[in-house]
Amino acid sequence: EKIGFKRICADVGAPTPAFVVLSEEDTFVDLTNPKAKEACVQGFMKAVADMKSNNPGLIKSIHGGGGKGTAHLDDPSCPEQTRAAVEKVLVEMNRSDGIYFEQKVNTKGDGRFYQLELEVDGHEVAQGGRFVWFNSRLQKVVEIGLSDDLVGMFMPKDLYMNSRKWAADIAIKGGNNTRATMEGLVFKNEKGEFELQFIECNRRPQVENEALALLQRDAKGNRRYTFAELIMRASGVPAPVFADSTDAKVVLHARWLHGNPDSNGNIAYQAGDILGMSGPRLDYVPAELMAPGEISFTSDPQLGKAVIIADSWDAMCDRASEYFRLRKPKIIGSSSTYAQTMYNLFTSKDFREGKTASNETFKKLDIPAHPERSIMNVLQDQVALTMVKGYRKGEGIDADRFPTPRVVKAMTDLHHALAQEPPRATPFTAFARGTGTYEDYVAALREQLG
């Protein structure tokens, strides 16, 4: 799916970033043995050093996904950085096979790129292209499927058509018999020319499959179901002929996370228990999911999804901003700025004009300083505390007449406490004790009175 995919790309002439295999698939090392693990790390470090390159790249595992099993390596000639990247991947995957180094794209240009995903149904390339935006950990946040005539918003039409031909050639060469997703990076190089580089292929269904599936209909007008088509391809049934959808030219698959993004793309995830979703029903949302239960910090941070259809890019942005303004997850626990940040994304001028690259999702956004306070927050943080603990502290009411014995005791204790404290030295106390003059006292008093 990754190393094999890149080798097939080379065979059919499809562009792919330079790479070096650090360990082949099914080459296992006992990582519980410190000596064996260190020898493995040293071997990977030597393979990277032998490239004799300082071009930045990524250490990746073929078993990774969702940002897991991938580590940035900004300088392959630096042993310390190489060790940190290798160890990160080994710890996250807990296996040593199928690991490789891949050079980053557009390092001589501005570093920006758009991630394009093409789905192949057997040997047939599905209609439309899906573009992806993600955070700093390469975890996908937003995926948007565009019909063929709208893809030109992010790349030239001839390059897009070439990418589809390359995808079909790769599928034929690899004998693809499933619903696979091929991922490529589109960018403008230092010469101002558009390029595309294929990076990997996923033969398993992607959770964002609906962002392309809803762009198509069969002869009876039914939407395409990716999982059903996957089983049909595996059983040898050829891909059916699909027509363009009549009600969707743009399909947004947005992921629900519960955290506070920053401008660097980091998301500080928040704790809590999910009860469900709140807000009005929206007819342009054909699918929505929010899994109830406790938010886990050890599993996938994605809590749910929302799928939004539209007939244009601007309409999709309008609907997405309305969705993130009106619908929210009901969570007992800390609030987050994620929904407000997503609203700001879809209302931002750069994003609506297609100028926000996949690797700068949050870079130019107005990031909220704090979460909005909802009725749920008020009930949880103020009303619930009052109902449980009352307005007073836990000593209860005082039924006696004022001043009650409790108040008298408190005043007596305060009197004794103050009596033990030495008075603060002032010009008056110095005059009263005979250690200062009357003139000094009067001068200080006049200065105090202004």
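Reply: Buried means under 20% relative accessible area, exposed means over 50%, and partly exposed is in between, with a 1.4 Å probe and protein chains only. The model is predicted: local features need pLDDT of at least 70, side-chain atom pairs count only at pLDDT 80 or more, and totals for chains, interfaces and linings use all residues. Residues are numbered from 1 along each chain as its sequence is written, and side-chain values use heavy atoms, with hydrogens and water left out.

Me: Is Gly354 buried or exposed?
Reply: Gly354 counts as buried, at 9% relative accessibility. Its place is in the loop between helix 9 (349-352) and helix 10 (375-389). Helices (H or I, at least four residues) and strands (E, at least two) are DSSP runs, numbered from the N terminus.

Me: Which residues is Gly354 in contact with, leaving aside neighbours within four places in sequence?
Reply: Tyr114, Met153 and Phe154. Contact means heavy atoms within 4.5 Å.

Me: Step back to the whole chain. How many helices and strands?
Reply: The protein chain has 13 helices and 20 strands. Its radius of gyration is 31 Å, well over the 22 Å that the globule rule gives for 450 residues, so the chain is more spread out than a compact globule. The radius is taken over C-alpha atoms, and the rule is 2.2 Å times the number of residues to the power 0.38.

Me: What does the C-alpha trace span along its principal axes?
Reply: About 105 × 55 × 45 Å. Val407 and Leu214 are 72 Å apart, C-alpha to C-alpha, and 193 residues apart in sequence. Val407 lies in helix 11 (residues 405-419) and is partly exposed, with a relative accessible area of 30%.

Me: What share of the contacts with a separation of 6 or more comes from residues 24 or more positions apart?
Reply: 69% in the protein chain. As for burial, 43% of the 450 residues count as buried.

Me: Which residues touch the most other members in the largest nonpolar core?
Reply: Ile144, Met316, Tyr323 and Phe346, out of 63 residues in that core. Apart from it lies another core, of 17 residues, among them Phe44, Ile59, Ala71 and Val89. A nonpolar core is a set of buried Ala, Val, Leu, Ile, Met, Phe, Trp, Tyr and Cys residues joined through side-chain atoms within 4.5 Å.

Me: What does Met316 touch?
Reply: Not counting residues up to four places away in sequence, Met316 touches Ile144, Val250, Leu252, Ala310 and Phe346. In soluble globular proteins, nonpolar side chains tend to be buried together.

Me: Change of topic, backbone angles. What is phi of Asn94?
Reply: Phi of Asn94 is about 55 degrees, positive although the residue is not a glycine. Asn94 is found in the loop between helix 3 (79-93) and strand 4 (99-103). Phi of Asn106 is also positive, near 55 degrees, and Asn106 lies in the loop between strand 4 and strand 5 (114-121).

Me: Which of those is buried and which exposed?
Reply: Asn94 is exposed, with a relative accessible area of 60%, whereas Asn106 is buried, at 6%.
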